[in-house]
Amino acid sequence: MNADPPPHVAVSGLTVTGNDGTPIVADLSFAIARGEVLALIGESGSGKTTAALALMGYARPGCRIASGGVRVGETEMLGLGRRALAEFRGQRVSYVAQSAAAAFNPAQRILAQVIEPALVHGTMTRRAAEEKARGLFRVLALPDPEGIGDRFPHQVSGGQLQRLMAAMALINGPALVILDEPSTALDVTTQIEVLRAFKHAVREQGTTALYVSHDLPVVAQLADRVVVLRGGRMQEEAGIARLLAAPEHPYTRSLLAAAAPAPQSPPAVAADAPPLLQVTDLTAGYGGVTAAGVPRVPVLHDLSFAIAKGSALGVIGESGCGKSTLALVVAGLLPLARGEIRLDGALLPARVQDRTPAQLRAVQIVFQMADVALNPASSVAASLSRPLRFYHDLRGAAARRRVAELLDMVRLSPGLAARFPDELSGGQKQRVNLARALAAEPALLLCDEVTSALDTVVGAAVLDLLAELRRELGIAIMFISHDLSTVRAICEQVMILYAGRRVELGGRAALRRRPMHPYTDLLLSSVPELRPGWLEGISFTHLAEAAGGLMPADAQLPCPFFRRCAVHIPGTCDVLLPPHRVLGKGSEILCQRTEAELLDMQQTASAPA
Amino acid sequence: MSAALELQPIARRRLSLPLLGLLSGILVLACLLLALLGPVLAPHPPGQIVSPTVFAAPSRVFPLGTDYLGRDMLSRLLVGARYTVGTALPAALLASLLGTGLGMLAAVRGGLTDAVISRAMDTLISFPSLIFSLVIVAALGSSLAVLVGTAAVIYMPGCYRIIRAVAVDIETKDFVRAARARGERTSDIMRHEILPNIVTPVVTDFGLRFMFIVLLVSNLSFLGLGLQPPLSDWGGLVRENLSGLSVGAPAVILPAVAIAVLTVSVTLLVDNLPGRKAAMRER
């Protein structure tokens, strides 16, 4: 046993505390072998980022590394002085942050920034560094590896920027790369290329990496081993296959369960229930309306859909497809340019100012970022009392009673009423947010990515809550998300948006069956699955489609998906508006291809590349 | 998970010194009392030459010495308090009130409202303040009300710009959108959603405006546009006794100290007002 070589990276008894001595990371020990990818997973607040930063010998303001050891290669990081550490960082240990957009200097060309670590540490000449950078661009599958470095950060897509940041981290051939949630902020279709590029680069360069994430399916694609953190303590350490197949720790099991939410049984909605919300040929956008009645910057094009009383409609699409705009239009915050919205059969005025109190009360919106959706200067009670007074003229003791009821409804303790938003956790904030909308006693709840900013476990609990509320109160929901699995879990109807167009609308069961719109097909196949090897199994067709990204110019084409679509018909799709087709499985799509053609092509295309 | 979540409260937990707040509060209160009772407390008639020595050192009869004409400095300071506090305080309050109200209105309404108010403010701010005052005083004559009004109008645009800028930032937040979606009126959005979140800049800005106005009023007095001799506010006292600086006369130093004490304690007081959260909890 003694013959084993010492591990490449060894962390032993690492403890990081806050200034008041509370441990953030407690007695953490693990090792990473050379060329291995170790994943550090846990919810927010589990100390995973703190632990990862400690591997660079860094503690954020307000924290300090209390004890323990971090050895990278031959060097004990924690004993190093300021200068030695600076020498070490960016050269031997490098870091890829969650938001590449925030990590790049917008005023400098990309190449100059990518090679900066090499120049700062004097590891190679400018020429050699530039050559190496271009090589890395190729390895990371970036388009135009020769020229992309001359662009500015705003001229490349988010997924490309994330890969360019990886190139920056790899330029010095570091002994350890720390990747901190590098794909969390990306769309699923973009995530695929980033993950594949990372995996390829790590394998090719023989890089040792620490991958910090809360996302188990993503981790399953990249990591060799996983360390599960909770409250700064290690819960479980195992090889990825073992962890997924036979998780030992109950916490790991709950993480696994939350990663694949089970479909909620919908409350009984009468099949012939009259539509609560009926949207017809809705066109909306920004920048005012032209003489022709079209917005200068159109975002939504001719959308039609209905939501029955007490039912849930999921709206899915990648960022920029207009799904949040749709919520704003229905809420009356952004007036529509054309089309109409009917609520309970009555025409709903476009502008919130023109709506009657009853109409205002009936439609409530719940925003994505719980942090900014609550007034930081108002206590929970004050935030909830406002709509109570506004809509129901409740005040004094009656309002206080109702606040307690509302908190109970969203499963929060009434004691929280006196707290302020910064004294609540993310999940609690989102529940208060929900309670504020419920205070109006609405008929329709517009939920805009309400779980996206939350951890999977917390998010799953919020989804359960939504389902319960529907059963108890009979509220209809428009659930906007980029996450297919959550939408499938709570919505009976699903609408898929691409560049502001409704490319497919159908029941949740229909969404799993072929044929489907080519974009639906891509979206479905882009959601990481909880098994190693999924990333390698993606078909070549889907990879090509995923690489396209949402380009604004495409919105002008009759079919905006034309350029990315693997089954497009040149001369038809880019000239003629795609027809509405009703498929046998019960959904409606917007595509030139017939049902038989799509079925045929999607069966052959699913063969792995 | 996200950096924003984890970096939270450090910045907000400011060093709070209730003692300092209390002390500055007492000082501000003292200045207000002096303004009220000054003429009663003054041992000598403030406008009368009572000593043959100019710039006399403090003595039994003249506890703070005499000024450049041999008038009692203590009496002049006590009476001067009335003019300094009596012009600067209402003028600063007025400037702050108008600037904050219009700033929030422009931020919440946006569009044409914002454009009209902002351009009007730009026009106001482009007048040199002294020339502006000169025109007003020439047209309306010099009285306390005119002085207060002029100072308020001159310092309102600065307050407006700052408040509009911070309010525009708050206005983009989702909780304001939520209030709009609820159908709240502009005035309610301003009062419930915006104002509680900009209390700190409003109050800090008020302290600044107050100091500027004290200086402006003394400048005006110097030019003969403000208070007419023998009346003099603290700024005017500094000006008229400037020649005593070479002999280190208390007559020039004391009013300057008085201005400093007043402005610093106003600033300290507004900085140390009981936290807005505590105030809201009590409600």
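Two residues are in contact if their C-beta atoms, placed from the backbone, lie within 7 Å. By that rule, 24 residues of chain B are in contact with 32 residues of chain A. The model is predicted. The points below cover the interface, then a sheet and a strand pair in chain A.

**Chain B side of the interface**
- Four elements of chain B each give two or more residues to the side touching chain A: α1 (3-6), α7 (174-182), α8 (186-194) and α12 (276-282).
- The biggest contributor is α7(B), which gives seven residues.
- By class, this side of chain B has 10 nonpolar, 10 charged and four polar residues.

**Six-stranded sheet in chain A**
- Six strands of chain A form an open sheet in the order β6-β7-β8-β3-β9-β10, and the pairing is mixed.
- The edges are β6 (93-96) and β10 (233-239) of chain A; each has a single partner strand, so one side of each lacks a neighbour in the sheet.
- From one strand to the next, the twist averages 20 degrees.
- Within chain A, β3 (residues 37-41) and β9 (residues 225-230) pair in the parallel sense, over four bridges.
- In β9(A), A:V227 stands opposite A:L40.

**Strand β16 of chain A and its partner**
- Strand β16 (residues 363-366) of chain A is covered on both faces.
- A:V363 and A:I365 are buried on one side, and A:Q364 and A:V366 are buried on the other.
- β16(A) runs parallel to strand β17 (residues 444-448) of chain A, and four bridges join the two.
- Opposite A:V366 stands A:C447 in β17(A).

Key. Residues are numbered from 1 along each chain as its sequence is written. Chains are lettered from A and ligands numbered from 1 in the order in which they are written. This is a predicted model: local features need pLDDT of at least 70, side-chain atom pairs count only at pLDDT 80 or more; totals for chains, interfaces and linings use all residues. A residue is buried if 20 or more other C-beta atoms lie within 10 Å of its own, exposed if 12 or fewer, and partly exposed in between; C-beta atoms are placed from the backbone. Two strands pair if DSSP finds at least two bridges between them. Ala, Val, Leu, Ile, Met, Phe, Trp, Tyr, Cys and Pro count as nonpolar, Asp, Glu, Lys and Arg as charged, and the others, Gly among them, as polar. Axes are lines fitted to C-alpha atoms, for helices over the stretch in contact, and angles run from 0 to 180 degrees between N-to-C directions.
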